[in-house]
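Subject: Structure handover

Hello,

Here is the structure we talked about passing on. My notes on what was found in it follow below.

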Amino acid sequence: KNMAGVGTWTFALPAIREAKRKVEQGGSCLDALEAGINVVEDDSCTGRYLVGRGSYPNGKGVHEFDAAVMVGEGCQFGAVAGLRGVATPVSVARRVMEKSSHSMLVGQGATAFAVEQGFPLETAEALHTEESLRTFRQFSQQQAGAEDLNKDNKKTNSPGGHDTLGLIVLDTNSVHIAAGVSTSGAAFKAEGRVGDSPLPGCGLYADDSSGAAVATGEGDNIMKFCPTFQVVQLMRQGFDPQTACREVVKQIHQKVGTDMFEMALVAMDMKGRTGSGSTVLHWEDVCDGRKYEGFPYVTWRSEGNMEPTICVEPATRLK
């Protein structure tokens, strides 16, 4: 099978490797996508990237997960938001797409559906690590000691930034593409807060006629611009993924002005070409301490036995 994949941030590396393994065993692009994202979701060590087990909880100390999958064939879509008790939310999102008459389930409804589908529920404690609990306690103490209760704590108290695992897998033989995202959302977010990740056209979009795109960054701002839908539309018009991503970031930058928020896009067209656009100036991998001048993402193609590789996209600047 000729397959290709792309994922956001350096922690997409184990996800892409697993997707590659799944494909080599004969799995579909959706199987590969789900298996790849599951590896990162279920690993407590990667929780510090705000994905799955061991990630940072909401402001009340509870994990609320957002995830979505989209298949380019017929633009099928499934998502969960504010899902509690399941460390692999992207698998629940896939079940929503395949087994539910709805496209998105949230909160208690998402959890009830997961239970119906046979997913074991875990306690809040089981989803924490020592690191995530310690950081949450520090946050709680800071909140209790804050003299000004209306003070905006987002900047000072977000320990892991705002990272989302986004993956795209393409089967170049059957000409099908799939995109998926998973995140625990902004660290210590308000209960019930949902970012861009599980929203179609915002966190992800896929269409077999042109390709797919995923987004990562400050979700409360990203969702206002539907960037992944825009990227896929530009690719439909003939733009390559690199130009499409940079163009969309540039247009958003022009609207927002000098106080631009952090965001990054990756995309893949139906030929397996990849591209990225970003406003990320610097990023430090919290697990291995490596620093990147720009936005790191991972690409892979089975053609020519190319191994998964980290690329770095410099920040798009306004001319």
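A salt bridge here is a side-chain nitrogen of Lys or Arg within 4 Å of a carboxyl oxygen of Asp or Glu. Please keep in mind that the model is predicted.

Salt bridges

The structure contains 18 salt bridges. One of them joins the side chains of Asp-31 and Arg-94, at 3.0 Å from N to O. Asp-31 belongs to helix α2 (residues 29-41) and Arg-94 to helix α3, so this pair ties together parts that lie 63 residues apart in sequence. Buried means under 20% relative accessible area, and exposed means over 50%. Arg-94, with a relative accessible area of 14%, is therefore buried, whereas Asp-31 counts as partly exposed at 26% relative accessibility.

A second pair consists of Glu-64 and Arg-84, whose side chains meet in a salt bridge of 3.1 Å, N to O. Glu-64 sits in the loop between α2 and β2 and Arg-84 in the loop between β3 and α3, so distant parts of the chain, 20 residues apart, are linked. Arg-84 is partly exposed, at 30% relative accessibility.

Another salt bridge, 2.8 Å from N to O, is formed by the side chains of Arg-246 and Glu-313. Arg-246 is in helix α10 (residues 241-256) and Glu-313 in strand β14; the two residues are 67 apart, and the pair links distant parts of the chain. Glu-313 is buried, with a relative accessible area of 3%, and Arg-246 counts as partly exposed at 36% relative accessibility. Elsewhere, salt bridges that share partners join Asp-31, Glu-34, Arg-94 and Glu-98 into one network.

The eight-stranded sheet

Eight strands make up an open sheet with mixed pairing, in the order β4-β3-β2-β6-β5-β1-β13-β14. Which strands stand at the edges? They are β4 (104-106) and β14 (309-313); each has a single partner strand, so one side of each is left without a neighbour in the sheet. From one strand to the next, the twist averages 10°.

Within this sheet, β1 (residues 3-8) and β13 (residues 295-301) run antiparallel and are joined by five bridges. Val-6 stands opposite Thr-299 in β13. Helix α3 (residues 89-99) lies across β2 (65-71), β3 (76-83), β4 and β6 (176-183), and runs at about 135° to β3.

Strand β8 (residues 211-217) is mostly covered, with seven of its seven residues buried. Gly-211, Ala-213, Ala-215 and Gly-217 are on one side and Ala-212, Val-214 and Thr-216 on the other; both faces are covered.

How many bridges pair β7 with β8? Strand β7 (residues 204-207) pairs with β8 over four bridges, in the antiparallel sense. The two strands form a hairpin with three residues between them, and Ala-206 stands opposite Ala-212 in β8. Strand β9 (residues 263-269) also runs antiparallel to β8, and seven bridges join them. Met-263 in β9 is the bridge partner of Gly-217, one of the buried residues of β8.

Regards

How values were computed:
Residues numbered from 1 in each chain as written. Predicted model: local features only at pLDDT ≥ 70, side-chain atom pairs only at ≥ 80, totals over all residues. Heavy atoms only, no water. Pairing = 2+ DSSP bridges. Axes fitted to C-alpha atoms, helices over the stretch in contact; angles between N-to-C directions. Contact = heavy atoms within 4.5 Å. Buried < 20%, exposed > 50% of the residue type's maximum accessible area, 1.4 Å probe, protein only.
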